[in-house]
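Thanks for asking me to look this over. Here are my notes, point by point, to read with the structure open beside you.

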Amino acid sequence: MATIVASADPITSYQTEGYCLVKGLFSKDEAKFFLEHYMELRKQPRGGDLAYETAATSNDPLTQYPRMINMHEWDEVSMKFLLDQRLKKILMDMAGSEPYAVQTMIYYKPAGARGQALHQDQFYLKVEPGTCIAAWLALEPIDEENGCMSVVPGSQNLPILCTIKSDTTQSFTDVTVPLSSEMRAVPVVMEPGDVLFFNGSMIHGSGPNVSKDRFRRSLIAHYATGDAQKLGTFYKAIDFEGNRVGLEANPGGSKCGQWVDQAGNPILELVDKQEHDKRDLRD
Ligand SMILES: O=C(O)CCC(=O)C(=O)O
């Protein structure tokens, strides 16, 4: 199967395609340092663990290794990563102005763990105007076997799509977005230190880790573009000096995009979100 290749010109790739893969932005030693650091942190349970994981059963590997969220609020290594100057430079070149830093996450994804169904980050972060940008750092070799990320080229300018139920035997989140008949998810194979950047409309996700004994650990930061005035309720933004920035809480719009067929071609129609969810997410 085709895979995403490193971008020769990451800034242009991001601006035209909504994503770019930057090889070796962090060194292999840094990736190893992060691995050891977060394995140590994971020994302590944290409030909020498993809060977002659905259908976790006692023998689910995610029960032992849930992802952590917003570690930068209490861990200096995570704050340094979030505000890293290399990330800042690329983000500024991509988006044209200094972004706000919003979120950190670490995914452990041990062997046998479920992935995360296809989704758009703007569904959650609701940055307005502008978008959110993810910087997804591989901490070890990541491929299809251990559940690499996939992105859907061509989705970078889509509005927030209406969600449908996901297959929770494959995904720890319970909603996903349908693709048009012309769209495909393409895997992103990465080495430790590589960073995948993508915008908030980009549909992306990952499959289960089907390896026998490999983790798939990744460290993720999310940003809001510098023109943002609003941000999803519960998210907090800071600038690159670490100062809190007050953005208006955004509960989100009332419409979502739904694929409809028009003369054999898939087009997006904006529909009432509440009506859609009542119909498509009911049990
Ligand atoms: O790492 C994964 O498997 C999914 C992460 C993701 O979708 C995200 O950071 O938005």
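1. Let me begin with one residue. Ile133 has 28 other C-beta atoms within 10 Å, and because the cut-off for a buried residue is 20 or more, it counts as buried. Please keep in mind that this is a predicted model. Ile133 belongs to strand E5. Its contacts beyond four places in sequence are Leu91, Met94, Ala95, Pro99, Phe197, Asn199, Tyr223 and Thr225. Tyr223 is 90 residues away in sequence, yet the C-alpha atoms of Ile133 and Tyr223 are 5.1 Å apart.

2. The next stop is strand E12 (218–224). Seven of its seven residues are buried, so E12 is largely enclosed by the rest of the structure. In a regular strand, side chains alternate between the two faces of the sheet. In E12, Ser218, Ile220, His222 and Ala224 point one way, while Leu219, Ala221 and Tyr223 point the other way.

3. Nonpolar side chains tend to be buried together in soluble globular proteins. In this model the largest nonpolar core has 66 residues, and Val102, Leu196, Phe197, Tyr223 and Ala224 have the most contacts inside it. E5 supplies the largest share of this core, seven residues.

4. Helix H5 (residues 85–95) has a clear division. Its buried residues are Leu87, Ile90, Leu91, Met94 and Ala95. They lie on the same side of H5 because they cover an arc of only 115° around the axis. The face turned away from that buried side carries exposed Gln85, Arg86 and Lys89. Helix H1 (10–17), strand E1 (19–22), E5, strand E10 (195–199) and E12 are included in what covers the buried residues. Just after the helix, Gly96 takes a positive phi of about 90°.

5. What surrounds the ligand? The shell is made of Tyr107, Gly115, Gln116, Asp121, Ala134, Trp136, Met149, His204, Gly205, Ser206, Ser218 and Ile220. Strands E5 (132–138), E11 (204–206) and E12 each give two or more residues to this shell, and E11 gives the largest share, three residues. By class, five shell residues are nonpolar, six are polar and one is charged.

6. Finally, some backbone details to look at. Most residues other than glycine have a negative phi, and most peptide bonds are trans. The bond from Glu128 to Pro129 is cis, with omega near -15°; Pro129 sits in the loop between helix H6 (122–125) and E5. Asn70 has a positive phi near 55°, in the loop between strand E2 (68–69) and helix H4 (76–82). With 17 other C-beta atoms within 10 Å, Asn70 is partly exposed. Phe234, also not a glycine, has a positive phi of about 85°. Phe234 lies in the loop between strand E13 (230–232) and strand E14 (237–238) and counts as exposed because it has 7 C-beta neighbours inside 10 Å, where the cut-off is 12 or fewer.

Note on methods:
Residues are numbered from 1 along each chain as its sequence is written. This is a predicted model: local features need pLDDT of at least 70, side-chain atom pairs count only at pLDDT 80 or more; totals for chains, interfaces and linings use all residues. A residue is near a molecule or strand if its C-beta atom, placed from the backbone, lies within 6 Å of it. Helices (H or I, at least four residues) and strands (E, at least two) are DSSP runs, numbered from the N terminus. Ala, Val, Leu, Ile, Met, Phe, Trp, Tyr, Cys and Pro count as nonpolar, Asp, Glu, Lys and Arg as charged, and the others, Gly among them, as polar. Two residues are in contact if their C-beta atoms, placed from the backbone, lie within 7 Å. A nonpolar core is a set of buried Ala, Val, Leu, Ile, Met, Phe, Trp, Tyr and Cys residues joined through C-beta atoms within 7 Å. The arc is that of the directions from the helix axis to the C-beta atoms.
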